[in-house]
Amino acid sequence: MSRSSPRLAEAMQVEACPVTEVLDHVAGKWSIGILIAVAHGPIRFTEIERAIGGISRRMLTLNLRRLERDGLLVRTVYPTVPPRVEYDLTPMARELYTSLTGLVDWAERHRAAIARARVAYDAAEQRTADTV
């Protein structure tokens, strides 16, 4: 191990850690679905819940709070009985949404090639395992 390793590790920790944390939040299992659901305008909690299959109310609440805390969602409470609450994307989240749709488009364009690559890789792995 070289002398620079501790300094390099420290630099990586300082520079990469905040980026990793942000990416973990926005690329989480539920966050992407929430951002996509909210991108189409102000939307109520129950509408988000219906749009995202399989998410529990608690998990949705936790993710909405985290995205709001990160500055990606705006939560508006209207003084009605019962209170009406809507969520909308911030300008920063709209920019992120543009990137997400680009990623989704990329995945759609390349999913067949990825599937073929997986089949070829698995077949090669199986041949290697059979010869050992």
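## A nonpolar surface patch

Patches are made of residues with over 30% relative accessible area and no salt bridge, and nonpolar side chains are joined within 5 Å. In this predicted model, L103, W106 and I114 make a nonpolar surface patch of about 280 Å².

I114 lies in helix α5, which covers residues 91-131.

## Strand pairing

Strand β3 spans residues 84-89. Strand β2 (residues 73-78) pairs with β3 in the antiparallel sense, over 6 bridges. The two strands β2 and β3 form a hairpin, with 5 residues between them. Within this pairing, Y78 stands opposite R84 of β3.

Strand β1 (residues 43-44) also runs antiparallel to β3, and 2 bridges join them. The bridge partner of R44 in β3 is E86.

Apart from neighbours within four places in sequence, E86 is in contact with P42, I43, R44, V74, R75, T76 and Y78. Among them, R44 is the bridge partner of E86. Y78 is another of these contacts, and its side chain makes a polar contact with the side chain of E86 at 3.2 Å.

Key
Residues are numbered from 1 along each chain as its sequence is written. This is a predicted model: local features need pLDDT of at least 70, side-chain atom pairs count only at pLDDT 80 or more; totals for chains, interfaces and linings use all residues. Side-chain values use heavy atoms; hydrogens and water are left out. Patches are made of residues with over 30% relative accessible area and no salt bridge: like charges are joined within 9 Å, nonpolar side chains (Val, Leu, Ile, Met, Phe, Trp, Tyr) within 5 Å. Accessible areas come from the Shrake-Rupley method with a 1.4 Å probe; for residues, only the protein chains shown count as cover. A salt bridge is a side-chain nitrogen of Lys or Arg within 4 Å of a carboxyl oxygen of Asp or Glu. Helices (H or I, at least four residues) and strands (E, at least two) are DSSP runs, numbered from the N terminus. A polar contact is a pair of N or O atoms within 3.5 Å; within protein, one must be able to donate a hydrogen and the other to accept it, and residues adjacent in sequence count only if both atoms are side-chain atoms. Contact means heavy atoms within 4.5 Å. Two strands pair if DSSP finds at least two bridges between them.
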